[in-house]
Amino acid sequence: MTTAATRPSDRRVSPVFLGILAVSAVTGWATWTGFAAEPGLAVFLFVTSAWVVSLCLHEYAHARTALHGGDISVGAKGYLTLNPMKYTHALLSVVLPVVFVIMGGIGLPGGAVFIERGRIRGRWKHSLISAAGPLTNVLFAVVCTAPFWLGAVDGVPPAFRYALAFLALLQVTAAILNFLPVPGLDGYGVIEPWLSYGVRRQVEPFAPFGLLFVFALLWVPSVNGVFFDAVDGLLGVLCIEEIDTYCGFDLFRFWKGADEFCGI
């Protein structure tokens, strides 16, 4: 059995995470000031690094909630250091979500930290552990959209405004997709403790394919259209216009050349 983490290094913020955070800060500054010779490259690095930061916080929220729920093994596994290299599947947790963003501007959920569920007692605790990750995306989305619904975007450089809007879109899509009650995703983890043993056993074999199923479904034009209409509607409530997210995604894909319509 893994014992509780008592060493300070088990909880110390990883230099890897601090490095990613520094990249986000520097490229955010470059996007704001127009310092970068190529604004699209600055936007790409800013959004990508900030997206990875949100992925780290998502997994940290799972681990931290599990620690308070009774899984004292998460510290020794390095999950409390915010180091993405400590995740059970670093490829699924970081690389694939970034690839999905590049391919379609979608904040698909990534892999996971491994929680020893047998250490946790109580269905509510299990549900809260699963919900903690996507709730972090919700909080991140609130922060990203705050300048818009507070009416504080006047005077904000267009490139930074577009980048922030696109980052908000990623957080909203990640939160929605994570909360889907599909096996393998956090939404199913929220309801799983309340299902009968027989239902859980029947669903269990499909868990490894849940993410692939969602990804494939989003390639269906009609489903994709309905999904993004809902996302745009929600962002509209938060005072982010479609032109902001469109131009943000356009700048993000700097290798395609900027659309003159965005005025950058």
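1. A crossing of two helices is left-handed if the near helix is turned anticlockwise from the far one by less than a right angle, and right-handed if clockwise. By this criterion, α2 passes α5 in a right-handed crossing.

2. This is a predicted model, in which local features need pLDDT of at least 70 and side-chain atom pairs count only at pLDDT 80 or more, while totals for chains, interfaces and linings use all residues. Residues are numbered from 1 along each chain as its sequence is written, and side-chain values use heavy atoms, with hydrogens and water left out.

3. The axes of helix α2 (residues 39-69) and helix α5 (residues 158-178) come within 10 Å and cross at roughly 30 degrees. That makes α2 roughly parallel to α5 (angles under 35 degrees count as such). Residues of α2 in contact (heavy atoms within 4.5 Å) with α5 include Val43, Phe46 and Trp51. By class, this contact of α2 with α5 has 12 nonpolar, 4 polar and no charged residues.

4. The whole structure holds 4 salt bridges (a side-chain nitrogen of Lys or Arg within 4 Å of a carboxyl oxygen of Asp or Glu). Arg119 and Asp71 form one of them, at 3.7 Å from N to O. Arg119 lies in the loop between α3 and α4 and Asp71 in the loop between α2 and α3, so the pair ties together parts that are 48 residues apart in sequence.

5. Arg161 and Asp244 also form a salt bridge, with the closest N and O atoms 3.3 Å apart. Arg161 is in helix α5 and Asp244 in helix α10 (residues 242-252), 83 residues apart. Both Arg161 and Asp244 are buried (under 20% relative accessible area, with a 1.4 Å probe and protein chains only).

Note on methods: Axes are lines fitted to C-alpha atoms, for helices over the stretch in contact, and angles run from 0 to 180 degrees between N-to-C directions. Helices (H or I, at least four residues) and strands (E, at least two) are DSSP runs, numbered from the N terminus. Angles under 35 degrees count as roughly parallel, over 145 as roughly antiparallel, 65 to 115 as roughly perpendicular and the rest as oblique. Ala, Val, Leu, Ile, Met, Phe, Trp, Tyr, Cys and Pro count as nonpolar, Asp, Glu, Lys and Arg as charged, and the others, Gly among them, as polar. Buried means under 20% relative accessible area, exposed over 50%, partly exposed in between (1.4 Å probe, protein chains only).
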